[in-house]
Amino acid sequence: PPPARGGIDDDRVAVVAVGGRHYAIFGPTGGSFEWTQPTELTLRLPEGKRYFSVAGLPNGNADTVREFLAVAHAFPTRTQVEWAYDEKKSRVTSTFRVETVAKEGDNRSTLMGIYPHQWPALAPAPTSKHGYDTVRGRIRLVPGNTFTLERDFHGVIPMWGALEDEAASKSVTSLLVGDLAKSDQLFNKMGRGTYWVGKGLGAAAQLMSVAEAEGDLKARDKLLATLKSRLESWLSGERATYFYHDAGIGSLLGIPQEYNSVTNMNDHHFHYGYWVMAAAHVALRDPQWASQQQWGAMVEKIIADIATPERGGKDFPFLRNYDPYEGHSWASGDADFDDGNNQESSSEAINAWAGLVLWGEATGNKKLRDLGIYLYTSEIASIRQYWFDDQRQVFDAEYGKPFASMVFGGKYAYNTWWTQEPRQIFGINLLPITPASTYLANNPAYMRSVIEALPGEVKAYQKRGMDDGTPADVWQEVIASYAALADADLGFSLWNRKGSVEAGDTRTRTLYWLSSLKEMGQPDFSVTADTPLFAVFKKADGTRTYLAYNARSEPVRVTFSSGKVVEVPARSLVRTR
């Protein structure tokens, strides 16, 4: 029989149905379709017109086929994203463009698919007649070759201020003595490569911030010296553990590797994010150390491996791990899975981008700072949709889980690469807990529901007779810290001061975190500021706490969108109501 035309009279079109779904093949003028077998359709292309396009159709209606035919010969030749951070408005814009060539006629317009994480940020919101139900939720089609997203940036702060409650401060100081004495044990707990050493650097940086906030400058200086020594021992290239640039594959490699970070190029942003965060904390306290003449150039090599903003460079690829259209990173270097690439610890990706923001601000590199802000805000939007789905717009009812611990190109997974234990399945998308983790608090009701469901998940795991050898309260301080973002009392109730501690964390950091949130309240995302290093918290009675950090060498005046104005001395933190 002649090929179906989808209800329109045009020889360039053939429409087929497979498994209840419709597809259109659009050939060039002068081409011809013929069914050469019952399930084999042949398109014969005329001389000089060696092109055609194929589209999955939202439906088989004739009007839909005509709409797709109208843009079928606008062939994409280039796609590009651009971003900008408006410091005064605390607003991030990202614009996506598609360049096309008209294979027939003069139409160069196309249809673009808008993902769920993009739709709320569209400026202005377009109309959409068609869409597809996918593993990422409904992707809506809009006409055109460009769209712009606008998102508020809610700040990244390197540290919080001193505790006001004297008893709480004394309790934190007591824990600090012990954690400081064994701070060298933070390194090489479970490995000696870039991941586990990186986690030690991250934990030491957070411990240093608590010491500084609580006025123990001697402890701060000791931890600062430790961070410098550990970083320099790798950055110098003079020891058995080091980084080297492999020009053949365009990557900076850490030796020894962990989790196939060299052989498979896995997890670079996870590993290196800890290093960037630690280096940023050093730079905030010792700008000279971070200068290009000392260690800054080498730190920026690490940054370039995971976040090069230049396209077409010979040393590193553009935004190696980050997928601009999906709005999040991927972790596998070879994506050798039937379901495509994947990312497990979305929170470790956030740690990398927050570190980049701090490094850029500490060193005066606005290009890197603004890139970090773009990556941070974009990844948060995708995490909310695809890892937590707290608006329930993405997960199919059959999935039956409150969140995804791993997001693949073609599926969601509720496990980890090393265990089926529910507390770790949950916690891998929370850690490391730092002041940049406040983004997790964007839906307190959802947060409470996940916390409430966790004991049941643990019981089900235990009933299956499974045991990974970890303590019953594994990662308890990570989960308590998450809970405290919604309710400080709930966080305290979930934490045992003498209980287990995740290898990249400390008891001191946990108690300081819980106590700080008890005093300040929960993150307040309704207020922004005209500086990148800020945070706002709000108690149930409406009292707000404002924090602003000035990494620059001159005082700055910070104006919050609520009208609050704060004078911040050079290289200082101000916490005020």
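**Close-up 1. Leu-319 in the loop between α6 and β14 of the predicted model.** Leu-319 is placed in the loop that runs between α6 (296–306) and β14 (322–323). Although Leu-319 is not a glycine, its phi is positive, at about 45°. The residue is buried, with a relative accessible area of 1%.

**Close-up 2. Tyr-259 in the loop between β13 and α5.** A positive phi, here of about 55°, is also found at Tyr-259, although this residue is not a glycine. Tyr-259 belongs to the loop between β13 (251–255) and α5 (268–285). Its relative accessible area is 46%, and Tyr-259 is therefore classed as partly exposed, whereas Leu-319 is buried.

**Close-up 3. Asp-184 and its contacts with Thr-226 and Arg-230.** Asp-184 sits in the loop between α2 (166–181) and α3 (194–213). When neighbours within four places in sequence are left aside, Asp-184 is in contact with Thr-226 and Arg-230. The C-alpha atom of Asp-184 is separated by 9.5 Å from that of Leu-223, a residue 39 residues away along the chain.

**Close-up 4. Helix α8, with a kink centred on Ser-382.** Of the 23 residues of α8, 20 are buried, so this helix is largely enclosed by the rest of the structure. At 1.5 Å a residue, α8 should span 33 Å, and its end C-alpha atoms, 31 Å apart, agree with that expectation. The kink centred on Ser-382 amounts to about 30°. Just after the helix, Asp-389 takes a positive phi of about 45°.

**Close-up 5. Helix α10, its bend at Leu-454 and its buried residues.** The 20 residues of α10 should span 28 Å at 1.5 Å a residue, which agrees with the 30 Å between its end C-alpha atoms. The helix bends by about 30° at Leu-454, and a proline, Pro-455, follows within four residues. Gly-465, which follows α10, has a positive phi near 75°.

**Close-up 6. The packing of α10 on α11.** Two packed helices are described by the angle between their axes and by the distance between those axes. The axes of α10 (residues 444–463) and α11 (residues 476–484) come within 9 Å and cross at roughly 150°, and the crossing in which α10 passes α11 is left-handed. From α10 the contact is made by Tyr-446, Met-447, Ile-451 and Leu-454, and from α11 by Ile-479, Tyr-482 and Ala-483. Sorted by class, this contact of α10 with α11 has 7 nonpolar residues, with no polar and no charged residues.

Terms used:
Residues numbered from 1 in each chain as written. Predicted model: local features only at pLDDT ≥ 70, side-chain atom pairs only at ≥ 80, totals over all residues. Heavy atoms only, no water. Axes fitted to C-alpha atoms, helices over the stretch in contact; angles between N-to-C directions. Helix = DSSP H or I, 4+ residues; strand = E, 2+ residues; numbered from the N terminus. Left-handed = near helix turned anticlockwise from the far one by under 90°. Contact = heavy atoms within 4.5 Å. Nonpolar A, V, L, I, M, F, W, Y, C, P; charged D, E, K, R; others polar. Expected span 1.5 Å × (residues − 1). Bend = angle between axes of the 7 residues up to and from the residue. Buried < 20%, exposed > 50% of the residue type's maximum accessible area, 1.4 Å probe, protein only.
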